[in-house]
Amino acid sequence: MAEETVIMSALSTLTPSQLSDLTHSILSQTLHHHHCLSSLLSRPASFSLALHHLHTLSLSNKTLLIAKHLLSSLHHLTRHFHSHAPTSIAITHRDLDAALLLLLLCDVHQQNPEILKAPHDEWRHILSKRCSHTILMQSSIGVYYGGVLLPYVEMIIRCRKFVTATGCCGEKEVAAAPSAVVSLPTVEVKVSEECAICKEEMKEGRDVCKLPCNHLFHWICILPWLNKRNTCPCCRFQLPTQDLLGEIERLWGVLVKAGGGSGTLT
């Protein structure tokens, strides 16, 4: 699978200490999610409420649930690839339960579509067996690079395909996150050069804005620009954004670039 190959290639560029840190943090998060699911499936009343919550959601709201879970996971996976602090993302305990349950339902349906034709009161037992099987498989492989990271990467790919299938992800302009803009440094121009936005000269000794890609701009020019789009006017480098889907695509691009990919993988 092309997506897996590129992402695992990106992860292979991490240092041993970074890889160890990432592996253990992902294992901790995975165990937490398993605990949430197991707790939900062991309580009939809680399971019924969560299932009812899912049934009342529109497709767009189901996609929003998966998108929030995906963004949280991508922030986790890419934290060693960039220095930007993650934009805030809030996912309630209820939404996390619903997202994990929805992903489990999709997994079971993919394995055997006929299973979910059973009465709803049997779903909890079906899903519990699948959840227990997954936990046993992952616990038997031990804590090591591929054994922990590969299932996590596969989950991220499934989530992105879910979000993309609804037509939510696509090319659009999104504003840079205020926190990212505030953190941009002011530097002194060493050699006079042209501001790519206004086409006027930035004279030597003048204070200007420096983007992470090292391109310089007049503050008065770059602030309105970043209020509408999160990309560098010169090289299209992307700053973090508060737009949920825009941030998913930005972090996906970080992985693709680190893994040697030449474009967006779908």
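Is asparagine 214 buried or exposed? Keep that residue in mind; the tour comes back to it.

**Before you start**

This is a predicted model: local features need pLDDT of at least 70, side-chain atom pairs count only at pLDDT 80 or more, and totals for chains, interfaces and linings use all residues. Numbering runs from 1 along each chain as its sequence is written, and side-chain values use heavy atoms, with hydrogens and water left out.

**Whole chain**

Show the protein chain as a cartoon. It has 10 helices and 5 strands. These are DSSP runs numbered from the N terminus: helices are H or I with at least four residues, strands are E with at least two. Colour by burial next. Buried residues make up 43% of the 266 residues. Buried means under 20% relative accessible area, exposed over 50%, and partly exposed in between, using a 1.4 Å probe and protein chains only. Now turn to contacts, meaning heavy atoms within 4.5 Å. Among contacts with a separation of 6 or more, 67% join residues 24 or more positions apart.

**Stop 1: H2 against H4**

Select helix H2 (residues 16-41) and helix H4 (residues 59-78). They pack at an angle of about 155°, with axes 10 Å apart. That makes H2 roughly antiparallel to H4. Axes are lines fitted to C-alpha atoms, for helices over the stretch in contact, and angles run from 0 to 180 degrees between N-to-C directions. Angles under 35 degrees count as roughly parallel, over 145 as roughly antiparallel, 65 to 115 as roughly perpendicular and the rest as oblique.

Show side chains at the contact. From H2, pick Leu22, Ser25, Ile26, Gln29 and His33. They meet His69, Ser72, Ser73, His76 and Leu77 in H4. By class, this contact has 3 nonpolar, 7 polar and no charged residues. Ala, Val, Leu, Ile, Met, Phe, Trp, Tyr, Cys and Pro count as nonpolar; Asp, Glu, Lys and Arg count as charged; the others, Gly among them, count as polar.

Stay on H4. It is mostly covered, with 14 of its 20 residues buried. Lysine 62 is found in this helix. Leaving aside neighbours within four places in sequence, lysine 62 is in contact with Leu54, Leu57, Leu102 and Phe162. Draw a distance from lysine 62 to valine 163. Their C-alpha atoms are separated by 9.2 Å, yet they lie 101 residues apart along the chain.

**Stop 2: the largest nonpolar core**

A nonpolar core is a set of buried Ala, Val, Leu, Ile, Met, Phe, Trp, Tyr and Cys residues joined through side-chain atoms within 4.5 Å. Select Leu11, Leu77 and Leu101. Of the 54 residues in the largest core, these touch the most other members. Elements giving two or more residues to this core include helix H1 (2-11), helix H6 (120-140) and helix H7 (145-165). Helix H5 gives the most, with 10 residues.

Centre on leucine 77. Beyond its neighbours within four places in sequence, leucine 77 is in contact with Ile7, Leu11, Leu22, Ile26, Tyr152, Val153, Ile156 and Leu255.

**Stop 3: H1 across H10**

Select H1 and H10. Their axes come within 7 Å and cross at roughly 75°. H1 and H10 are therefore roughly perpendicular to each other. Glu3, Val6, Ile7 and Ala10 of H1 make the contact with Trp252, Leu255, Val256 and Ala258 of H10. By class, there are 7 nonpolar, no polar and 1 charged residues here.

**Stop 4: isoleucine 222**

Go to helix H9, where isoleucine 222 is found. It is buried, with a relative accessible area of 0%. Not counting residues up to four places away in sequence, isoleucine 222 touches Ile197, Cys209, Leu211, Phe217 and Pro233.

**Stop 5**

Return to asparagine 214, in the loop between strand S4 (207-210) and strand S5 (216-217). At 51% relative accessibility, it counts as exposed. Its phi is near 80°, a positive value in a residue other than glycine.

Next, pick arginine 236, in the loop between helix H9 (219-226) and H10. Arginine 236 has a positive phi of about 70° although it is not a glycine. At 55% relative accessibility, arginine 236 counts as exposed.

Finish at glutamate 173, in the loop between H7 and helix H8 (178-182). Glutamate 173 also counts as exposed, at 55% relative accessibility. Leaving aside neighbours within four places in sequence, glutamate 173 is in contact with Lys228 and Arg229. From glutamate 173 to arginine 229, the C-alpha distance is 5.3 Å, across 56 residues of sequence.
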